[in-house]
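Reader: Hello! I am new to this structure; could you walk me through it, please?

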Amino acid sequence: MAVIRCSVLGVVLLCSAALADPPTPFPQQEAYTVPQAWLQPMAPLQIADNVWQIGTDELTSLLLKTREGAILIDGGMPQSAEHLLANMKAVGVAPQTLKWILVSHGHGDHAGSLAAIKQATGARLVANAETAMLMVDGGAHDIHFGDDILYPPVRVDRQIQDGEQVSLGNVTLTAHFIPGHTPGSMAWTWQGMRDAEKLDIAYVDSLTAPGYQLVDNPRYPHIVADFTATFKTVKALPCDLLLTPHPGASGWDYTDATQSARVGCADYAQKAETTLRAQLKAQQAD
Ligand SMILES: [Zn+2]
């Protein structure tokens with residue numbers, strides 16, 4: 001029951017309703033809990049000349065140094081922003097020299113820290129329209145996860161198309177749209193150097209459909225067709241060296257110097273395709 005109380009302040013009559021019983025508090029926000037290794041900070045790991053993994057043990061954040069400043073690809077979980085900034089400094093990248101931020105896809109385990117990184121550095125965020133829509137809402141309304149994986153919203157500064165390039169200094173990266181894991185999923189390819197040799201580096205998004213409804217999904221009717229086209233695209237990428245947002249997907253173990261299990265783009269896509277076909281068959285049988 002509400003009780004109305006009024007008082008006179010100058011010539012203005014102020015009234016407020018005081019509730020006899022306190023209202024029920026808002027519900028707690030569901031925490032997005034992830035494996036510990038996704039939150040385990042690591043020292044910068046050099047991947048190639050001027051390319052470092054600066055994220056966590058099991059989430060990739062790549063830093064590319066160029067003559068004109070640096071580029072970050074993916075930012076991991078929201079909690080990792082300070083760690084990424086510290087790792088940038090550790091390899092000689094001052095915050096204000098980060099110029100571009102690129103992404104694989106707009107889920108909270110890869111885009112979670114980007115609002116904070118953008119604010120701390122002034123770097124400009126690059127993504128396609130689908131990913132921009134997801135990130136500006138902080139991951140809300142995701143086709144498969146709904147509002148379960150929210151993170152600080154972040155606005156894209158430059159929207160790109162399939163095949164468009166982003167350049168800085170002596171590095172040019174090409175965007176490849178590979179929809180499936182999200183409608184805006186992307187791969188980035190560029191030419192790097194390692195041991196004085198040229199190297200085609202591919203950073204390719206997740207090709208998984210964890211718990212996704214593949215058959216008659218009203219939010220994503222063409223998901224299987226998109227995945228099918230994506231597998232073909234990934235198999236054809238220039239790919240001497242493959243990296244993925246979840247390093248294990250491409251056989252990387254950032255804590256193991258031998259890296260003996262690494263795979264290339266064709267094998268990565270083939271394995272993902274086999275898994276998706278089995279998942280689809282199981283759903284069709286239900
Ligand atoms: Zn994801």
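This is a predicted model: local features need pLDDT of at least 70, side-chain atom pairs count only at pLDDT 80 or more; totals for chains, interfaces and linings use all residues.

Reader: Is A196 buried or exposed?

Author: Buried means under 20% relative accessible area, exposed over 50%, and partly exposed in between (1.4 Å probe, protein chains only). A196 has 69% relative accessibility, so A196 counts as exposed.

Reader: What is the phi of A196 near?

Author: Most residues other than glycine have a negative phi. A196 has a positive value although it is a residue other than glycine, and its phi is near 65°.

Reader: Which residues is S80 in contact with, leaving aside neighbours within four places in sequence?

Author: S80 is in the loop between β6 (69-73) and α1 (81-90). With a relative accessible area of 9%, S80 is buried. Contact means heavy atoms within 4.5 Å, and, leaving aside neighbours within four places in sequence, the contacts of S80 are G75 and S113.

Reader: How many nonpolar, polar and charged residues are in the contact of α1 with α3?

Author: The axes of α1 and helix α3 (residues 114-121) are 9 Å apart and pack at an angle of about 45°. In this contact A81, L84, L85 and M88 of α1 meet A116, I117, A120 and T121 of α3. Ala, Val, Leu, Ile, Met, Phe, Trp, Tyr, Cys and Pro count as nonpolar, Asp, Glu, Lys and Arg as charged, and the others, Gly among them, as polar. The residues of the contact of α1 with α3 are seven nonpolar, one polar and no charged.

Reader: Are α5 and α6 roughly parallel or roughly antiparallel to each other?

Author: Axes are lines fitted to C-alpha atoms, for helices over the stretch in contact, and angles run from 0 to 180 degrees between N-to-C directions. Helix α5 (residues 223-235) and helix α6 (residues 265-285) have axes that come within 8 Å and cross at roughly 160°. Angles under 35 degrees count as roughly parallel, over 145 as roughly antiparallel, 65 to 115 as roughly perpendicular and the rest as oblique. Therefore α5 and α6 are roughly antiparallel.

Reader: Which residues touch the most other members in the largest nonpolar core?

Author: A nonpolar core is a set of buried Ala, Val, Leu, Ile, Met, Phe, Trp, Tyr and Cys residues joined through side-chain atoms within 4.5 Å. The largest has 53 residues. Apart from it lies another core of 23 residues, including F227 and L276. In the largest core, those touching the most other members are I73, M88, M135, W188 and W190.

Reader: How many residues of the protein are there, and what percentage is buried?

Author: The protein has six helices and 14 strands. Its C-alpha atoms fill a box of roughly 80 × 55 × 35 Å, taken along the principal axes. Of the 286 residues in the protein, the buried share is 47%.

Conventions: Residues are numbered from 1 along each chain as its sequence is written. Side-chain values use heavy atoms; hydrogens and water are left out. Helices (H or I, at least four residues) and strands (E, at least two) are DSSP runs, numbered from the N terminus.
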